[in-house]
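Subject: Structure handover

Hello,

Here is the structure I promised to pass on. Please open it alongside this note. My findings follow below.

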Amino acid sequence: MSTIDRISRLRARMAQDGLDAMLIFNTERSLSKNVAYYSGFRGTHGWLWITPDDAALATDFRYTEQAEQQAPDYRVIRMAVGYDWFSEVVSASGARSIGIEDESVTVAAHRALTEKLQNLESAPALVPTEGMADQLRAVKDAAELETLTRAIEIADEAVETVAAGIRPGMTERQIAWGIERAMREAGGDGLSFPTIVASGPNGAKAHHSPTDRPLEYGDGVYIDTGALYEGYCSDITRAFVLGEASPRFREIYDLVLKAQETAEANATAGMTGGEIDGIARAVIADAGYGDDFGHSLGHGIGIAVHELPRVGPTSDDPIEDGMVFSVEPGIYLTGWGGVRIEDLVVMENGKPRVLTKAHKRDVIPV
């Protein structure tokens, strides 16, 4: 899908919702991935102004050349200090209703935009769009899926390589750095998010930050990481024990794996995210660990590591072909540790196709 196609889809949705214009922006204080999605511009300061017959990208002098190269379907406006450019494009367009991304607009930005509009002869309205631009990103096209697949391959390779070399005495922080280095060496542009390495009792914290804790023989460990590649994110979690698995680790690991495999085997297009979450959650709850699986089963992924569709207990998002999302059940026990196993899948021909290929080894021999 080209940038022109994406703009056309957004314009159709704007017409459906009665919007004369759409304002999407990305600044250091208010990050919106939709600037990159709808224009191709990857700078950290840019505003998209889209109407039925105009597509403009406003940015400052740091990024004007980059904007012209990355967003050839937009006319580039060089911003000065303030929002005078905004008053000018609104006045020239005659727009009466302007859609804004209410989840990313700061109070300060909203105040400044409103003040500029009030100075016009007839002030148009700023209309919250409640994730409209995000919703159009949920279904991935062929080019996006190809880029996502490469991001997944880079993370797969890094986890496989680093996990196989983990030994007692290594620290969580050392392992996390090894993962990042391996992903960059494999062609990744960076991390999708800070790598999680949780060992022993630290595994009870689902989003544990790596520490200098040295691993011990018999420790349970999970690694949650992802590679950033050409603007797209991957996300993978693998769990294992260092040395020999205790009966309890074996029980928890096998249960989490069963929950994941059951969801991947039984999810179908047309189900909601909540229904898919329920498939895995029932497996864990029936075994008596329902209260220990406290997060959603998954989330959409693309140019953001967490995006639509939502795959959790309260989600009514319909899951359609072309959507890429994670399947990541987990069990976390205070004082003992935890197990999480995560794949990325694409809904394809009505069924999930697993994209994550890293081996689900449950024991690292030492």
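Contact here means heavy atoms within 4.5 Å. By that rule, and leaving aside neighbours within four places in sequence, Thr51 is in contact with Arg11, Met14, Asp20, Ala21 and Ser93.

Two notes on conventions. This is a predicted model: local features need pLDDT of at least 70, side-chain atom pairs count only at pLDDT 80 or more, and totals for chains, interfaces and linings use all residues. Residues are numbered from 1 along each chain as its sequence is written, and side-chain values use heavy atoms, with hydrogens and water left out.

Thr51 lies in strand E2 (residues 46-51). Helices (H or I, at least four residues) and strands (E, at least two) are DSSP runs, numbered from the N terminus. Thr51 counts as buried, because its relative accessibility is 4%. The cut-offs are these: buried is under 20% relative accessible area, exposed is over 50%, and partly exposed is in between (1.4 Å probe, protein chains only).

Ala108 sits in helix H5 (residues 107-118). Its relative accessibility is 46%, so Ala108 counts as partly exposed. Ala108 and Met14 are 94 residues apart along the chain, and their C-alpha atoms are separated by 25 Å.

Gln16 belongs to helix H1 (residues 3-16). Gln16 is exposed, at a relative accessible area of 63%. Its C-alpha atom is 41 Å from that of Asp156, 140 residues apart along the chain.

**Helix pairs**

Helix H7 (residues 142-164) packs on helix H8 (residues 172-185) at about 135°, with the axes 9 Å apart. Axes are lines fitted to C-alpha atoms, for helices over the stretch in contact, and angles run from 0 to 180 degrees between N-to-C directions. H7 and H8 are therefore oblique to each other. Angles under 35 degrees count as roughly parallel, over 145 as roughly antiparallel, 65 to 115 as roughly perpendicular, and the rest as oblique. The H7 and H8 crossing is right-handed. A crossing is right-handed if the near helix is turned clockwise from the far one by less than a right angle, and left-handed if anticlockwise.

On the H7 side, Ile154, Ala155, Ala158, Val159 and Val162 meet Ile175, Gly178, Ile179, Ala182 and Met183 of H8. That contact divides into nine nonpolar residues, one polar and no charged. Ala, Val, Leu, Ile, Met, Phe, Trp, Tyr, Cys and Pro count as nonpolar, Asp, Glu, Lys and Arg as charged, and the others, Gly among them, as polar.

The axes of helix H9 (residues 247-266) and helix H10 (residues 273-286) come within 8 Å and cross at roughly 150°. That makes H9 roughly antiparallel to H10. Their crossing is right-handed. H9 makes the contact through Leu255, Lys258, Ala259, Thr262, Ala263 and Asn266, and H10 through Ile276, Ile279, Ala280, Val283 and Ile284.

**Cores**

A nonpolar core is a set of buried Ala, Val, Leu, Ile, Met, Phe, Trp, Tyr and Cys residues joined through side-chain atoms within 4.5 Å. Which residues have the most contacts inside the largest core? They are Ile276, Leu297, Phe325, Ile331 and Val339, in a core of 35 residues. Elements that each supply at least two of its residues include H10, strand E12 (236-242) and strand E18 (343-348). H9 gives the most, with eight residues.

A second, separate core has 34 residues, including Ala55, Tyr232, Ile301 and Leu355.

Best wishes
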